[in-house]
Amino acid sequence: MSEMKYDVVVVGAGIAGPIVARNVAKAGYSVLLIDKKPAIGTPKQCAEGISIKVFDKYDIPYDKRYINREIYGARLYSPSGYELELRYNEVSGVILERKVFDKMLAYYAAKAGADVLARTEARDVIRKDGKVAGIKAKHEDEPVEIYADIIVAADGVESMIARKAGINTYAPPHEFDSSYEYEMLIEGYDPDLIHLWFGNEVAPRGYVWVFPKDEDRANVGIGINSDNPNTAKYYLDKWLKENNIPMSRILEVNVGIVPVGGFVKELAKDNVVVVGDAARQVNPMHGGGMAEAMEAGTIASKWIVKALEEENLSLLQNYTKEWWETDGKRLERVLKVRKVTEKLTDEDLDLFIQLLSGADAEKIAGGDYVEVIKALLKHPKVLMSKRRLSLLKQLL
């Protein structure tokens, strides 16, 4: 059994893990980033869309090697076919190639001085004198013990490391979505926009998406509440059939579970820190978690560096505090919206998609929606419905 020793070990090379590894390595500390997959980034579990803002904000190169397509906005479709379009003159987002992107993020971490090991699976934590002292892992089927002052659980939805370290990551099944996605050939949808379909028959609590990767190729997927009696695949296949989209040109199939609530309260316990999907740091409205993982990874790495500099692990608690005061607060507001939208009927969805402007839709998804709700409350079709009034008032 071989042994290794680092200042920090990061478990999981998705989005959050490599950002933490890169930032901590840049500050001059020894970091090991491990991932159980033989090829980092594969398979993807993602619709691959992200805002253009993240590249500058998190110091990530705008590299054409992992950008499939630049996107200029979104089109939303209500159950009866009303459309709401947000179209910008400038690029507002991109559709990534996650297989390349994740691997490049790990490469940036390695370039900054971190060690990176693929096909290395964390199996358990090592405890010494009641404290977590490292992790037991398997590298290429050989057992290895990795000792570290700080352990980062960036190991995704199931986060075994957080659990083994005694951090409560439990969330009820209702706080998760099931998703199913085909990468496929599809035509007839403006490839400069992402497309989202809503409706209780279409995608209960969620939506169907078409995220273009090419003029005639896209990620076509769905997210629904995971406690639904029917599967996500059932609803997606039904939607494709109803829209006469041939299902004979499928290049990839992806299945996943997405946290849409149940944010982890305790983000740092002693010397263990939890980030990204493992901490349920995901936007509960659209189920996207890449920007959230980058943000949490940035805050976490800042406090990891401070804790190492001052040799004071209690400083890690400031990560919990700062995240909850900033992005946590925003995501709690978004969670409120999700809880209201899941009670909307198809008539409500039709009405709101007719009434809202593109800017409104953006604010609602981002959690900055108070003015929008106030305006909606004045609308006669809202005023005349006690149910709609009380639903919207829950958001104020």
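1. The nonpolar surface patch. In this predicted model, M247, I250, V253 and V255 make a nonpolar surface patch of about 300 Å². Patches are made of residues with over 30% relative accessible area and no salt bridge, with nonpolar side chains (Val, Leu, Ile, Met, Phe, Trp, Tyr) joined within 5 Å and like charges joined within 9 Å. Accessible areas come from the Shrake-Rupley method with a 1.4 Å probe, and for residues only the protein chains shown count as cover. M247 sits in the loop between α5 (232-242) and β16 (250-259), and its relative accessible area of 35% makes M247 partly exposed. Here buried stands for under 20% relative accessible area, exposed for over 50%, and partly exposed for what lies in between (1.4 Å probe, protein chains only).

2. Basis of the values. Because this is a predicted model, local features need pLDDT of at least 70 and side-chain atom pairs count only at pLDDT 80 or more, whereas totals for chains, interfaces and linings use all residues. Residues are numbered from 1 along each chain as its sequence is written, and side-chain values use heavy atoms, with hydrogens and water left out. Helices (H or I, at least four residues) and strands (E, at least two) are DSSP runs, numbered from the N terminus.

3. Helix α1. Of the 11 residues of helix α1 (residues 16-26), 10 are buried, so the helix is largely enclosed by the rest of the structure. The buried residues are A16, G17, P18, I19, V20, A21, R22, N23, V24 and A25, and they pack against β1 (2-11), β2, α3 (98-111), β11 (142-153) and α6 (290-309), where contact is taken as heavy atoms within 4.5 Å. After α1 comes G28, with a positive phi near 95°.

4. Helices α7 and α8. Helix α7 (residues 317-325) packs with helix α8 (residues 327-341) at an angle of about 45°, the two axes being 3 Å apart. The axes are lines fitted to C-alpha atoms, for helices over the stretch in contact, and angles run from 0 to 180 degrees between N-to-C directions. The pair is therefore oblique, a class that takes the rest once angles under 35 degrees count as roughly parallel, over 145 as roughly antiparallel and 65 to 115 as roughly perpendicular. On the α7 side W323, W324 and E325 take part, and they meet D327, G328, K329, L331 and E332 of α8. K329, in helix α8, is partly exposed at 48% relative accessibility; leaving aside residues up to four places away in sequence, K329 touches W323 and W324.

5. Backbone points to inspect. The peptide bond that joins T42 and P43 is cis, with omega about -5°, and P43 belongs to the loop between β2 (31-34) and β3 (49-51). D129 is in the loop between β9 (120-128) and β10 (131-139) and counts as exposed at 80% relative accessibility. R205, by contrast, counts as buried at 16% and is in the loop between β13 (194-197) and β14 (207-214).

6. Salt bridges. Side chains of opposite charge can pair when their charged atoms come close. The structure holds 38 salt bridges, each being a side-chain nitrogen of Lys or Arg within 4 Å of a carboxyl oxygen of Asp or Glu. R75 and E85 form one of these, at 2.8 Å from N to O, and this pair links distant parts of the chain, with R75 in strand β5 (residues 73-77) and E85 in strand β6 (residues 83-87), 10 residues apart. R75 is buried at 16% relative accessible area, while E85 is partly exposed at 36%.

7. In the salt bridge of R119 with E140, the closest N and O atoms are 3.2 Å apart. R119 lies in the loop between β8 (115-117) and β9, and E140 in the loop between β10 and β11, so the pair ties together parts that are 21 residues apart in sequence. Both partners count as partly exposed, R119 at 39% and E140 at 43%. The side chains of R123 and E121 also meet in a salt bridge, with an N to O distance of 4.0 Å; R123 is partly exposed at 43%, and E121 is partly exposed at 31%. A network of salt bridges links K44, E48, E97, K99, E183, K213, D214, R217 and E252.
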